[in-house]
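Here are my notes on the model you sent. Please read them with the structure open.

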Amino acid sequence: MKKLQFAIGQRWLSDTESELGLGVLIDVDERAVSILFPKSDETRVYARNNAPLSRIIFNIGDSITDQEGLDWTVLSVSEHLGVLRYHAKRSDEQGQEIVKDLNETRLGAHIQLSKPLERLLASQIDYKEWYDLRIQALLMQAHMSRSPLRGLLGARVGLIPHQLYIANEVGTRFAPRVLLADEVGLGKTIEAGLIIHQQLKTGRSERILVLVPDSLQYQWMIEMRRRFNLAFSIFDLTRTASIKEHDPELNPFLTEQRIIASVDLMLDHPDLHELAIEAGFDLLVVDEAHHLMWSEEDGGNDRYLLIEDFANKTAGVLLLTATPEQLGVESHFARLRLLDPQRFDDLERFLQEEAQYQQTAKIAEVLMSDCPLNPEQIQALEDLLGHPLTDEPEQRHRAIHELLDRHGTGRILFRNTREAIQGFPGRDCLAVPLAMPEGWNVTGKLREQMWPEELQLDGAWMETDPRVAWLLEALRKEFKHKKVLLIARSGPVVEALENALRLHAGIRTAMFHEGMSLLERDQAAACFAEESYGAQILLCSEIGSEGRNFQFASDLILFDLPANPDVLEQRIGRLDRIGQQNRIQIHVPYIEGSAQERMFRWYNEALNIFSNISPTAQTLQENFIVDLKDCLLADLPEQFEPLLEQVNMQRFELENDLQEGRDRLLEYNSCRPQVAQRIVKALDDYED
């Protein structure tokens, strides 16, 4: 790179800030040069050896402008002590020619060299090294555009095989319509982000709408920007109203290509729902899709009908949920119908297929193994597929894909489990039985016995509830140097606890509940994440157990227990997820002899949900809900003890049945380890 020659009075242009205009060199020494930019009235000081400056030299025939704004044509150029002098002419108002010598110091500060020819004629030419760098960058872009990894490259995510497999499998489809249903903590948001990134980079999608619960809007926006460098715009009532006020005829949803909005916004404002439908999108993403309820008798709830309207008019649809059957098999079927209404058009047939699927899964397991097929298995496969089959590798591979397309959930459901993925440190349940205080309600309704604090909004319950005293003592001693996440059912309970801890105990706290704005919630989460001076404890209402991740902490306090085992799993999943380095310590305070203790024993001894994810918990609770309620309402040990034993035995049987009849086709569709490892290796090699 040649050395620049500087002299006071020369005119220079900043390569990095051309908007500053034409500058004049006002000072130079052995180490630095100072440039005054009259247009912006600013002075910049640059290192002499590598100043990002270009010398402006006009040639014969060029048009120049002086400081009075008069235009001149250059006739000749001379130099004196490094400063240029232009012999130039112009015509006055009477048409007479005026000839004059102009030092370059008298030139105007306004200059715009945006076109390549103008830059060339003005001798504003970059160094060859920069040209070579541009060529290398263009060649690299061309190589990346042809790479099968296009869209997977560049994301700030770990090389986790199952996530990359799903992203590659779904992201390369045109108009993908799938249900991402990995268990809690396996990274569905990352998978969705990778799919979105790949769809955008390959040009398969341009307009994307993400519909999420109100509490997750900012988290989605930040994740898309931080991990994938994708700029999404949050559309709320204020923004849409502002756009409409500025231009009443403009559809707000046409002002941006990538939009995040709340499901509640669309439900509460049908006009915005219609405008979003009218604007049209290439890809629809719906998080926490288990809230979409449907039954054959009553049809869908308002959320289901809303998403159904969008799904019918959008080519690509991604539904995300960790608990696809939380609201029953009917709702699970209905979500599959949103994605493929022709394949899933009859609930009764779907239930019959599910009942007969075990035999298909066993045949699929043999196909995926190295074991030869016996005549009975070949005959069963021919009956299922409707054509002859031989035991050859190519035909076995083809048969697997035909089974995927014809039976079960095909290629639209992806569900990885912790058992298949592994690598989680595990979790321990630490019961905290507390003596029952005088006057505790043991005969009222279930809500009054389980969650009496929710009935006393003035906070009077805190004076007698032993859980509060235990919490204060534990934070001062056992949890003094730890990050602790506490989850309770309601916002008022969280507020009362936070006031007591912060004002009366001097403990650094952060709070997260439905009464706070989105910005306040994000600030609370950031305060909790701050390692040195952040909050010691984050207190969340139930909304804190969906979508938020705090795996940097490993102590979870369940101040109360929810009525639904899937909701309990959502709570635990805030800590027990990919990236967790320590065993999760689950602390459960409860009142001895109360409905709280019986609910704890139900979850712990019957469903075993604290120690492991239980795929049978929801089904078992639904099957025994009547008996469970009777035992929770009153202390009936002669009924409760046999019930715990009976349910525990059934759980073992169901889990064994599930293990024996594992959906091998679903596992095969969700992650093929060999393919996933090849993707990881290719990405790793590319980075090297």
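**Notes on the model**

1. Start at arginine 146, which lies in helix α2 (residues 128-146). Helices (H or I, at least four residues) and strands (E, at least two) are DSSP runs, numbered from the N terminus. Arginine 146 counts as exposed, at 63% relative accessibility. The cut-offs are under 20% relative accessible area for buried, over 50% for exposed, and partly exposed in between (1.4 Å probe, protein chains only). Between arginine 146 and leucine 643 there are 61 Å in space, C-alpha to C-alpha, and 497 residues in sequence.

2. A word on the basis. This is a predicted model: local features need pLDDT of at least 70, side-chain atom pairs count only at pLDDT 80 or more, and totals for chains, interfaces and linings use all residues. Residues are numbered from 1 along each chain as its sequence is written, and side-chain values use heavy atoms, with hydrogens and water left out.

3. Is glutamine 198 buried or exposed? Glutamine 198 is buried, with a relative accessible area of 1%. Its place is in helix α4 (residues 188-201). Neighbours within four places in sequence aside, glutamine 198 is in contact with residues including Pro148, Arg150, Gly151 and Leu152. Ala167, Asn168, Gly171 and Thr172 are also among its contacts. Contact means heavy atoms within 4.5 Å.

4. Now helix α10 (residues 329-339). Eight of its eleven residues are buried, so α10 is largely enclosed by the rest of the structure. Among the buried ones are Phe333, Leu336, Leu338 and Leu339. His332 and Arg335 of α10 are buried too.

5. On domains, the bounds come from an automatic or database domain assignment. The chain is divided into domain 1 (10-115), domain 2 (161-340), domain 3 (346-408) and domain 4 (427-612). The centres of domain 2 and domain 3, taken over C-alpha atoms, are 34 Å apart. Seven residues from domain 2 and four residues from domain 3 make the contact.

6. Finally, the whole chain. It has 26 helices and 24 strands. Its radius of gyration is 34 Å, well over the 26 Å that the globule rule gives for 688 residues, so the chain is more spread out than a compact globule. That radius is taken over C-alpha atoms, and the rule is 2.2 Å times the number of residues to the power 0.38. The C-alpha atoms fill a box of roughly 115 × 75 × 50 Å along the principal axes. Buried residues make up 49% of the 688. Of the contacts between residues at least 6 apart in sequence, 70% join residues at least 24 apart.
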